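User: I have a chain open and want to go through it piece by piece. Can you take my questions as they come?

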Amino acid sequence: MANNAQQPPQLHLAEFTATQFLDIWKHFDVDGNGYIEGKELENFFRELEGARQGTGTDPSNVAFREKMKEFMHRFDKNADGKIEMSELAQILPTEENFLLCFRMFVGSSSEFMQAWRKHDEDRSGYIESNELKGFLSDLLHKANRKYDDKKLNEYTATILRMFDLNGDGKLGLSEMARLLPTEENFLLKFQSIKVSAEQFHSIFNFYDKDGSGYIDEQELDTLLKDLFEKNKLMVDAKSLSSYKKSIMALSDGGKLYRTELEIVICKDPSV
């Protein structure tokens with residue numbers, strides 16, 4: 001069993017199924033941080049070049065280093081020196097390219113939040129497996145992709161395996177947002193400033209001046225400014241506007257209720 005685990009999945013450059021794509025990703029993303037970087041990246045590129053040339057390659061070779069540089073320039077869209085899952089989906093010929101299909105449907109964080117609101121039907125703060133099927137069915141339909149029930153079930157199971165980090169059979173907002181490219185994943189910006197449940201309720205009550213149970217866009221603007229300032233983090237007007245737009249996409253006609261904001265800025269949302 002241990003010997004099998006050490007063998008990299010074969011990069012044959014034929015069309016990969018969604019499941020094979022995931023196996024390749026999990027093999028090379030050794031530390032599970034959502035990127036292929038450093039030694040992981042070197043190993044991946046060596047296997048990729050071996051698959052292309054049909055022979056082994058030497059990472060210390062100058063030509064290898066040059067090719068790797070060109071490769072990163074082409075595929076590392078945000079130039080952070082790492083390969084994200086969505087970037088890998090453009091490199092490997094994945095069957096029906098379901099990850100790129102997703103990004104065509106929700107290419108920005110505000111579109112992502114709108115899709116989240118639609119498919120988190122019971123407002124639980126999670127998309128469960130039955131809701132995820134509807135989500136994927138929608139995006140495949142919008143991208144004009146043909147699929148059958150068997151394929152839809154495979155995609156659903158694959159997405160769950162990719163992003164259900166705690167294995168509870170459902171996806172939280174931050175887990176699902178990993179489908180977005182890094183620069184669009186505004187939730188990453190809130191990881192370091194998330195508050196406890198007790199702090200969250202105090203903050204929400206402070207900005208919900210009339211006790212209506214919701215805050216509006218202007219109140220959210222002030223809340224976010226104060227939150228970043230309190231944590232001594234700089235945020236420019238453009239970024240603040242983008243975060244606000246994304247969060248307000250969760251709102252009900254401009255009314256952002258407690259449970260909706262809670263899943264964004266609370267460490268342990270109670271929903």
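Predicted model: local features only at pLDDT ≥ 70, side-chain atom pairs only at ≥ 80, totals over all residues.

User: What is the mean pLDDT of the protein chain?

Analyst: The mean is 77, and 74% of the residues reach 70 or more. pLDDT is the predictor's confidence in each residue, from 0 to 100.

User: Which elements have the lowest and the highest mean pLDDT?

Analyst: Helix α1 (residues 2–6) has the lowest, at 47, and strand β5 (residues 214–215) the highest, at 94. Over residues 1–5 the pLDDT is below 50, and this stretch has one contact in the model beyond near neighbours in sequence. Contact means heavy atoms within 4.5 Å.

User: How many helices and strands are in the protein chain?

Analyst: There are 14 helices and six strands. Both are DSSP runs numbered from the N terminus: helices are H or I with at least four residues, strands E with at least two.

User: And how much of it is buried?

Analyst: Of the 271 residues, 46% count as buried. Buried means under 20% relative accessible area, exposed over 50%, and partly exposed in between, with a 1.4 Å probe and protein chains only. As for contacts with a separation of 6 or more, residues 24 or more positions apart account for 58% of them.

User: What does UniProt put on this chain?

Analyst: The unreviewed UniProt entry carries the annotation "domain: EF-hand" over residues 16–51, 63–98, 107–142, 151–186 and 195–230. UniProt positions are given in the numbering used here, feature names are shortened, and annotations may be inferred rather than shown by experiment.

User: What is the 195–230 span made of?

Analyst: Residues 195–230 are 69% helix and 6% strand, and the end C-alpha atoms lie 12 Å apart.

User: Switching to α4. Which residues are buried there?

Analyst: F64, M68, F71, M72 and F75 are the buried ones. Seen down the axis of α4, they fall within an arc of 95 degrees, so they line one face of the helix. The arc is that of the directions from the helix axis to the C-beta atoms. On the face turned away from the buried side, α4 carries the exposed residues V62, K69, E70, H73 and R74.

User: How far apart are the end C-alpha atoms of α4?

Analyst: They are 20 Å apart, which agrees with the 20 Å that the 14 residues of α4 (residues 62–75) should span at 1.5 Å a residue. The expected span is 1.5 Å times one less than the number of residues.

User: What about α7, mostly covered or mostly open?

Analyst: Helix α7 (residues 109–119) is mostly covered, with eight of its eleven residues buried. Among them are F112, M113, W116 and R117.

User: And D120, buried or exposed?

Analyst: D120 counts as buried, at 3% relative accessibility. D120 sits in the loop between α7 and β3 (126–128). Leaving aside neighbours within four places in sequence, D120 is in contact with G125, Y126, I127 and E131.

User: What does K170 touch?

Analyst: Beyond neighbours within four places in sequence, K170 is in contact with Y126, I127, E128, L160, D164 and E175. K170 lies in strand β4 (residues 170–172) and is partly exposed, with a relative accessible area of 25%.

User: Where does the side chain of T156 reach?

Analyst: The T156 side chain reaches the backbone oxygen of L152 at 2.8 Å. For reference, a polar contact is a pair of N or O atoms within 3.5 Å; within protein, one must be able to donate a hydrogen and the other to accept it, and residues adjacent in sequence count only if both atoms are side-chain atoms. T156 is in helix α9 (residues 149–163) and counts as buried at 5% relative accessibility. Its contacts outside four places in sequence are S129, L132, K133 and L136.

User: Last one: what is the phi of K232?

Analyst: K232 has a positive phi of about 55 degrees although it is not a glycine. Most residues other than glycine have a negative phi. K232 lies in the loop between α12 (217–230) and α13 (237–248), and counts as exposed at 74% relative accessibility.

Technical notes
Residues numbered from 1 in each chain as written. Heavy atoms only, no water.
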